[in-house]
Amino acid sequence: MTRILKSRLLTDVTVGLMLAAAALGLLLSPRTTSEAAREGLYICANVLIPSLFPFFVLSALTIELGLARRTGRALERFMRPLFRVGGACAAAVALGFFGGYPVGAKCAISLYEKGLCSKEEAERLLAFCNNSGPAFILGAAGVGILGSSRAGWLLFLTHTAASVAVGVLFRFYKYGAVPATAVPDGTEETVSLSAAFTRSVKSSFSSVFYISSFVVFFTVAVRLLFTSGVLPAAAGALSALLSPFGMTRDAAQNLLTGLIELTSGLFFLQGGATGHLAGRMAMAAFMLGWAGLSVHCQVLSFIGQSGLSPRSYLAGKMLHASISAVFAFILTRLTGLEIQATETIAEQVETIARLRFFDTLGVTLTAITALTLALALVLAGRLWRAIPQAQK
């Protein structure tokens with residue numbers, strides 16, 4: 001009992017000191033923190049909200065209208081052998097690849113809450129369906145940071161392949177658990193389109209509000225860690241520890257920044273100052289696979305309300321980051337990809353970072369339309385094959 005009380009007291013003192021240091025940083029650097037907060041709000045208004053909100057509404061409608069339940073019957077034969085999850089879980093996988101963080105994770109949790117998958121299946125999904133969207137990898141990371149569309153496609157290939165690999169590995173997670181049926185039995189609740197759309201918009205707005213709050217907080221936190229010297233000091237210690245493996249101080253600082261906030265970490269990889277291309281590609285792939293503490297807090301805020309365990313999610317993201325880094329390093333070496341850093345890279349990064357609201361919204365709606373058409377084609381093909389059997 002005494003040991004527990006001492007441990008709790010130590011935790012309270014540590015958290016209290018951290019909060020006091022953060023408050024002191026806000027008081028001593030009001031201009032810096034205000035600028036960081038404005039940058040975070042700008043990112044939310046012009047990039048996050050127009051890119052994530054439509055996908056959140058789409059994922060919620062897919063579940064509310066029962067589309068995930070119906071398509072689950074057709075996709076069961078693919079999802080069960082590959083990932084050991086039901087066919088209804090295909091919605092979370094697809095949206096996880098196209099919607100970006102954290103659309104796939106939110107969809108997986110919604111499937112569990114609606115009873116369309118078991119707890120074990122939802123935890124398997126969380127390990128691999130929360131991925132970066134292709135627009136961010138190809139545009140921001142590839143062209144904007146590394147200055148090459150080829151680098152962007154290579155990163156997207158490694159990111160996707162690593163995610164699939166994690167999903168296949170996690171099919172052995174809680175292997176002894178009894179698998180759930182592809183589509184739960186029972187009477188399906190009939191929901192009107194207007195009611196489903198209203199509920200989807202309300203829940204999506206709440207989710208985007210949570211995400212925006214985390215983005216602003218971590219933008220300010222990273223800026224405070226820089227100005228206070230904490231992050232540079234930690235980078236120096238890490239580089240000294242890993243110097244036998246070729247870790248430099250700049251590379252360590254980039255890595256630590258990316259572990260906290262993805263966009264900031266990727267930004268510092270631009271140009272050739274951080275080492276050879278293969279190393280920068282591996283570090284970018286690791287950051288994209290890990291996603292950063294900001295994204296993790298967003299996902300954990302949803303997980304905490306569902307009762308699912310966060311262990312499989314965090315383990316899956318670390319595994320995803322490691323596999324992505326290895327894939328990216330090997331493929332960069334094998335393909336002989338070379339990128340000449342130019343003065344226009346900084347301008348490209350600035351352009352992508354300053355995307356306007358309607359530009360981002362247009363790209364997102366195009367992606368949603370393509371995804372919807374693909375789903376419609378799958379269902380039409382399924383119906384076309386079923387017509388001859390019904391006539392017999």
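The side chains of glutamate 39 and arginine 223 meet in a salt bridge, with 2.8 Å from N to O; the term denotes a side-chain nitrogen of Lys or Arg within 4 Å of a carboxyl oxygen of Asp or Glu. Because glutamate 39 belongs to helix α2 (residues 30-64) and arginine 223 to helix α9, the pair ties together parts that are 184 residues apart in sequence. Helices here are DSSP runs of H or I with at least four residues, numbered from the N terminus. The model is predicted: local features need pLDDT of at least 70, side-chain atom pairs count only at pLDDT 80 or more, and totals for chains, interfaces and linings use all residues. Residues are numbered from 1 along each chain as its sequence is written, and side-chain values use heavy atoms, with hydrogens and water left out.

Glutamate 39 is partly exposed at 32% relative accessibility, and arginine 223 is likewise partly exposed, with a relative accessible area of 23%. On this scale, buried means under 20% relative accessible area, exposed means over 50%, and partly exposed lies in between, for a 1.4 Å probe and protein chains only.

A search of the whole structure finds 2 salt bridges. Arginine 80 and glutamate 121 also join their side chains in a salt bridge, at 2.9 Å from N to O. Arginine 80 lies in helix α3 (residues 67-83) and glutamate 121 in helix α6, so this pair ties together parts that are 41 residues apart in sequence. Both arginine 80 and glutamate 121 are buried. Side chains of opposite charge can pair when their charged atoms come close.

Among the buried residues of α6 are Glu121, Arg124, Leu125, Leu126 and Phe128. Phenylalanine 128 has a relative accessible area of 2%. Leaving out residues up to four places away in sequence, phenylalanine 128 touches Phe83, Val93, Ser163, Val166 and Gly167, where contact means heavy atoms within 4.5 Å. Its C-alpha atom is 10.0 Å from that of alanine 92, a residue 36 places away along the chain.

The largest nonpolar core has 82 residues, of which Leu125, Leu126, Leu155, Leu266 and Leu288 touch the most other members. Such a core is a set of buried Ala, Val, Leu, Ile, Met, Phe, Trp, Tyr and Cys residues joined through side-chain atoms within 4.5 Å. Helix α13 (residues 277-290) gives this core its largest share, 10 residues. Apart from its neighbours within four places in sequence, leucine 155 is in contact with Ile137, Ala141, Leu146, Met281, Ala284, Ala285 and Leu288.

Two packed helices are described by the angle between their axes and the distance between the axes. The axes of α9 (residues 193-228) and α14 (residues 293-306) come within 9 Å and cross at roughly 145°. Axes are lines fitted to C-alpha atoms, for helices over the stretch in contact, with angles from 0 to 180 degrees between N-to-C directions. Across this contact, Ser207, Tyr210, Ile211, Phe214, Val215 and Phe218 of α9 meet Leu293, Ser294, Cys297, Gln298, Ser301, Phe302 and Gln305 of α14. The contact of α9 with α14 comprises 8 nonpolar, 5 polar and no charged residues; Ala, Val, Leu, Ile, Met, Phe, Trp, Tyr, Cys and Pro count as nonpolar, Asp, Glu, Lys and Arg as charged, and the others, Gly among them, as polar.

Key: Helices (H or I, at least four residues) and strands (E, at least two) are DSSP runs, numbered from the N terminus.
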